[in-house]
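Could you walk me through this structure, starting with the ligand and then moving on to the strands?

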Amino acid sequence: MPQAVLTHDDRIGDYATVASGVRLGGGAVLETGAYVGAGALIREGVTVGAWSLIGMGSVVLHDVPPGEVWAGNPARLLRKAFVEELTP
Ligand SMILES: CC(C)(COP(=O)(O)OP(=O)(O)OC[C@H]1O[C@@H](n2cnc3c(N)ncnc32)[C@H](O)[C@@H]1OP(=O)(O)O)[C@@H](O)C(=O)NCCC(=O)NCCS
C-alpha cells in the first residue's frame, strides 16, 4: 500500500500485505500471508510468521510466530489469529 518502505534484503511472502506507511528494516521477512498494519515498524532481521497480523503503529522488535496477532510498542502478543484471518 502507499508509502510503505522496503529496504535491503527484505523478503515478502505470497499473500502478504504491507499497509500504508509501514517500514521494514533490512533483512526483514514477511512469511506467507503475514499482514503488517498501517505505520508499523519492523526491526531489521525480524521475521513475521505466516498469517500473523501486526497492529497499526506497532514497533516489532522480535520474531513473531505464525498465526498470532501482535501490537503495541514494543509489540507483544495480543491474541491468536482467528481462522478467517488465516485464509485469503
Ligand atoms: C491489532 C488489531 C488487529 C486488533 O484488533 P482486535 O483484535 O479487534 O482488537 P481490539 O480493537 O478489540 O483491541 C484489543 C486490545 O488491543 C489494543 N490494541 C488494538 N490495536 C492496537 C494497536 N494497533 N496498537 C496497540 N494496541 C492495540 C486495544 O487498545 C485493546 O486493548 P484493551 O483491551 O487494553 O482495551 C487492530 O487493532 C489493528 O491494528 N488492525 C490493523 C489495522 C490497519 O492497519 N489497517 C490498514 C487498513 S488499509
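Predicted model: local features only at pLDDT ≥ 70, side-chain atom pairs only at ≥ 80, totals over all residues.

Residues are numbered from 1 along each chain as its sequence is written, and side-chain values use heavy atoms, with hydrogens and water left out.

## Around the ligand

The shell around the ligand is made up of Met1, Tyr35, Gly37, Ala38, Leu53, Gly55, Met56, Val69, Ala71, Gly72, Leu78 and Arg79; a residue is near the ligand if one of its heavy atoms lies within 4 Å of it. By type, this shell holds eight nonpolar residues, three polar ones and one charged. Here Ala, Val, Leu, Ile, Met, Phe, Trp, Tyr, Cys and Pro count as nonpolar, Asp, Glu, Lys and Arg as charged, and the others, Gly among them, as polar.

| Residue | Protein atom | Ligand atom | Distance |
|---|---|---|---|
| Tyrosine 35 | polar, side chain | nitrogen | 3.5 Å |
| Methionine 56 | polar, backbone | nitrogen | 2.8 Å |
| Arginine 79 | N or O, side chain | oxygen | 2.8 Å |

On its own the ligand exposes 920 Å², and the protein buries 43% of that area. Accessible areas come from the Shrake-Rupley method with a 1.4 Å probe; for residues, only the protein chains shown count as cover. Strand 10 (68-71) and strand 11 (76-80) are the elements that give two or more residues to the shell. Helices (H or I, at least four residues) and strands (E, at least two) are DSSP runs, numbered from the N terminus.

Two strands pair if DSSP finds at least two bridges between them. In general, strands of a sheet pair through backbone hydrogen bonds, either parallel or antiparallel.

Strand 2 pairs with strand 5 (residues 35-36) in the parallel sense over two bridges, and threonine 17 stands opposite tyrosine 35 there. Strand 8 (residues 53-54) and strand 10 also run parallel, joined by two bridges, with leucine 53 opposite valine 69.

Strands 10 and 11, by contrast, run antiparallel and are joined by four bridges. They form a hairpin with four residues between them, and glycine 72 in the turn has a positive phi of about 105°. Tryptophan 70 stands opposite leucine 77 in strand 11.

Is glutamate 68 buried or exposed? Glutamate 68 is buried, with a relative accessible area of 8%; buried means under 20%, exposed over 50% and partly exposed in between (1.4 Å probe, protein chains only). In strand 11, its bridge partner is lysine 80, and the two side chains make a polar contact at 2.9 Å. Not counting residues up to four places away in sequence, glutamate 68 touches Ser52, Leu53, Leu77, Arg79, Lys80 and Ala81, where contact means heavy atoms within 4.5 Å.

Of the five residues of strand 11, zero are buried, so this strand lies largely in the open. Proline 74, in the loop between strand 10 and strand 11, is partly exposed at 32% relative accessible area. Leaving out residues up to four places away in sequence, proline 74 touches Val59 and Leu61. Proline 74 and leucine 61 are 13 residues apart in sequence, and their C-alpha atoms are 6.7 Å apart.

Strand 4 (residues 29-30) pairs with strand 7 in the parallel sense over two bridges, and leucine 30 stands opposite valine 48.

Methods:
Polar contact = N/O pair within 3.5 Å; in protein donor to acceptor, adjacent residues only side chain to side chain.
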